[in-house]
Amino acid sequence: MKRFSWNNVWRVTWWELRKGIRSPVFVAMTLLVPVLIVGSGAVGYFAQRASHEQRFSIALAGEGAQDFQAFLEVSLAGSPITLVHPIAGPEDLEAMVRQGSIDGYLVFDAVEWMRGRIYYYTLNARSAKRQALQASLGGLLRYYRLAELGLGPEQIAAATTPVHIEFLSLSGEETSVAAQVAPMIVVMVLIMAALLSGQVLMYGVIREKRNRIVEILLSSISSLELLVGKLVGVGALSIVQVLVWVAAGLVTAARFVNLADLGLTVSDLAPAIVYFFLGNIMLASLYAAMGASMKDAEGASHAQGMVILIPIIPLFAASFIIMSPNAPWARVLSHVPPFVPVTVLLRLSATDLPAWEYASTLAMLVLSVIVFVYMGARIFERGLLQYDRAMGLGDLRAAFSRYRPGRTRV
């Protein structure tokens with residue numbers, strides 16, 4: 001019996017790294033996601049600029065329009081709205097809209113105005129510039145109504161200022177936005193990385209089975225060494241991908257927010273990285289075992305959905321986990337092996353875990369990684385050399401009952 005050798009693991013890892021770096025699929029996915037991130041950020045940036053630069057003209061009609069006209073002439077300075085003179089009846093304004101002289105007109109009705117409603121008529125209500133008009137006029141209309149009720153500028157400012165509840169710790173430690181956002185981002189990255197790198201690993205195993213490369217590999221190393229080497233190699237490639245994605249995301253986010261204001265620290269990010277790395281290895285081991293048990297890529301494509309469901313299932317209860325992160329059921333779910341990384345990351349976005357819970361969930365995750373890798377090696381040993389058919393329940397039962405760790409001979 002051959003003892004487990006880390007030298008063999010590193011050899012397989014290096015082989016996987018070289019193969020992955022040269023893979024067109026890996027290069028395409030590593031570069032395509034940043035392109036999509038930067039592209040979507042650019043679209044949002046230019047769309048925001050276009051909305052600010054969008055200008056339109058309006059007119060007023062109805063009872064009370066005269067007073068509001070004078071108010072708007074002072075308040076709309078620098079806004080994208082142009083106020084058309086003079087005030088006219090709805091019939092004349094309708095003709096102006098149809099001729100294209102104005103974009104639309106507001107009609108003041110005394111009864112509806114007291115109910116908080118004002119009507120805007122335009123040629124096509126479905127294609128109207130709703131958000132731009134609401135953003136420009138909504139606050140002004142509220143201010144004007146309060147002024148009509150007799151409130152002064154200071155009273156109006158006090159009445160319209162939003163009230164934000166600030167949560168402060170007795171220790172004086174400030175709540176970091178990054179500490180809340182980072183775990184949620186890591187959850188999304190974990191699912192993407194597990195899906196992409198796991199598929200590459202699974203289809204790579206299937207291709208090596210069909211090409212009989214595994215016969216050469218298993219003649220010199222054990223199935224466990226082969227599996228661990230593949231997992232470490234694919235994990236390293238995933239980290240490279242994630243670093244490229246994060247860099248692209250930070251560059252895009254810097255166009256909209258000041259990253260220094262987020263208060264991102266190593267202590268905020270370190271726990272999320274640990275759960276990401278271990279969770280990625282756990283899911284990758286399942287993909288590798290699935291690839292070894294399948295006959296061809298077609299069968300694997302139908303079965304891979306079961307693996308990706310593992311990190312997605314806790315997302316179905318994400319809102320409840322975030323609202324009640326310390327509920328007993330959430331703590332129990334944090335210790336159920338397949339769901340540990342995603343559940344804990346969701347909880348970290350809403351609360352700080354006590355030290356004992358960090359220790360217990362990490363211990364459970366490490367234990368589950370060891371068990372999943374060891375079970376994957378059993379399936380690996382039996383399934384890799386089975387070329388003509390996919391493994392069935394009988395084969396799985398035999399793999400777990402007759403497994404002997406060590407070197408697999410061909």
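This is a predicted model: local features need pLDDT of at least 70, side-chain atom pairs count only at pLDDT 80 or more; totals for chains, interfaces and linings use all residues.
Student: Why is the contact between Arg98 and Glu94 called a salt bridge?

Tutor: A salt bridge requires a side-chain nitrogen of Lys or Arg within 4 Å of a carboxyl oxygen of Asp or Glu.

Student: What separates Arg98 and Glu94 within helix H4?

Tutor: Arg98 and Glu94 are 4 residues apart in helix H4 (residues 90–99), which means a separation of about one helical turn.

Student: Why is Arg98 called exposed, and why is Glu94 called partly exposed?

Tutor: Exposed means over 50% relative accessible area, buried means under 20%, and partly exposed lies in between. Arg98 has 58% relative accessibility and therefore counts as exposed. Glu94 has 37%, so Glu94 counts as partly exposed.

Student: Which residue forms a salt bridge with Arg347?

Tutor: Arg347 forms a salt bridge with Glu357, and their closest N and O atoms are 2.6 Å apart. Arg347 belongs to helix H15 and Glu357 to helix H16, so the pair ties together parts that are 10 residues apart in sequence.

Student: How do you know whether Arg347 and Glu357 are buried or exposed?

Tutor: The cut-off for buried is under 20% relative accessible area. Arg347 has 0% relative accessibility and therefore counts as buried. Glu357 also has a relative accessible area of 0%, so Glu357 is buried.

Student: What makes the contact of Glu357 with Arg331 a salt bridge?

Tutor: The side chains of Glu357 and Arg331 meet at 3.4 Å, N to O; the limit is 4 Å, so the contact qualifies. This pair links distant parts of the chain, with Glu357 in helix H16 (residues 355–383) and Arg331 in helix H14 (residues 328–333), 26 residues apart. Arg331 has a relative accessible area of 28% and is therefore partly exposed.

Student: Why is helix H15 described as largely enclosed by the rest of the structure?

Tutor: In helix H15 (residues 340–348), 9 of the 9 residues are buried, so the helix is largely enclosed by the rest of the structure. Among these buried residues are Val340, Pro341, Thr343, Leu345 and Arg347.

Student: Why are helices H1 and H10 called oblique to each other?

Tutor: Angles under 35 degrees count as roughly parallel, over 145 as roughly antiparallel, 65 to 115 as roughly perpendicular, and the rest as oblique. H1 and H10 (residues 223–253) pack at about 45°, with their axes 7 Å apart. H1 and H10 are therefore oblique, and their crossing is right-handed.

Student: What makes H6 oblique to H7?

Tutor: The axes of H6 (residues 130–148) and H7 (residues 153–160) come within 10 Å and cross at roughly 130°. That angle makes H6 oblique to H7. H6 passes H7 in a right-handed crossing.

Student: Which residues make the nonpolar surface patch, and how do you know that Trp10 can be part of a patch?

Tutor: Phe4, Trp6, Trp10 and Val232 make a nonpolar surface patch of about 400 Å². Patch residues need over 30% relative accessible area. Trp10 lies in helix H1 (residues 6–22).

Conventions:
Residues are numbered from 1 along each chain as its sequence is written. Side-chain values use heavy atoms; hydrogens and water are left out. Patches are made of residues with over 30% relative accessible area and no salt bridge: like charges are joined within 9 Å, nonpolar side chains (Val, Leu, Ile, Met, Phe, Trp, Tyr) within 5 Å. Accessible areas come from the Shrake-Rupley method with a 1.4 Å probe; for residues, only the protein chains shown count as cover. Helices (H or I, at least four residues) and strands (E, at least two) are DSSP runs, numbered from the N terminus. Axes are lines fitted to C-alpha atoms, for helices over the stretch in contact, and angles run from 0 to 180 degrees between N-to-C directions. A crossing is left-handed if the near helix is turned anticlockwise from the far one by less than a right angle, and right-handed if clockwise. Buried means under 20% relative accessible area, exposed over 50%, partly exposed in between (1.4 Å probe, protein chains only).
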